[in-house]
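Please look over the sequence and the model shown below before reading on.

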Amino acid sequence: LPRVGLVVVGDGPERSSLEALARKLGAMNRVCFVGQVPRARVGAYLRACDLFVLNSRYEGLPHVTLEAIAAGLPVVAARAGGTDEVIQDGVSGRLVTPGDKDGLRRAISELLEDPDLCARYTTNKLEILRRFSSETMINATEQVLKESKERTPA
């Protein structure tokens, strides 16, 4: 996607190989590797973007996706691990098969070309965030523990 820029926040063992790939592809002028930043600044980077992409092959519950939703970004993510617990494809974002480069490209292009679709994907952000709030998670855990205790023979 030659007219699309990419901001990579964070650091890790793959950074140098990703930078080399960006150079090889002639994309260094469109890719910004900011490295590790204080947690308080992550939101500012998210709010400066048009959309959020999580292209992982493995995820537990992707908290960074929740941060992107809180920042009001539409999300494109690989259907990995718990990602589909956060994003409902075609309702609250787009999910693609891990490794499907064409599907990822199509989903990103679709969102960048359709501001109304982006707005539709972000309208229910409060509902999603409420579902994964600390209070909701604590209440659900408490309920599981109570049900477990009720089933345990005395």
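How do the residues of the lining of the largest pocket divide into nonpolar, polar and charged? In this predicted model, where local features need pLDDT of at least 70, side-chain atom pairs count only at pLDDT 80 or more, and totals for chains, interfaces and linings use all residues, the lining divides into 32 nonpolar, 7 polar and 11 charged residues. Here Ala, Val, Leu, Ile, Met, Phe, Trp, Tyr, Cys and Pro count as nonpolar, Asp, Glu, Lys and Arg as charged, and the others, Gly among them, as polar. Residues are numbered from 1 along each chain as its sequence is written, and side-chain values use heavy atoms, with hydrogens and water left out.

A pocket is an open set of points on a 1 Å grid over the protein atoms alone, with protein on both sides within 12 Å along at least five of seven lines, whereas a cavity is a set where a 1.4 Å probe fits but cannot get out; lining residues have an atom within 4 Å of a point. Grid points are joined across faces, edges and corners, and a volume is the space filled by probe spheres set on them. The largest pocket holds about 2200 Å³, and L6, V7, V8, V53 and N55 lie nearest its centre. Helix 5 gives the most to this lining, with 5 residues; helices (H or I, at least four residues) and strands (E, at least two) are DSSP runs, numbered from the N terminus.

The search also finds 1 cavity of 30 Å³ or more, with about 40 Å³ of space, and its lining includes I69, Y121 and I128. The protein as a whole has 8 helices and 5 strands.
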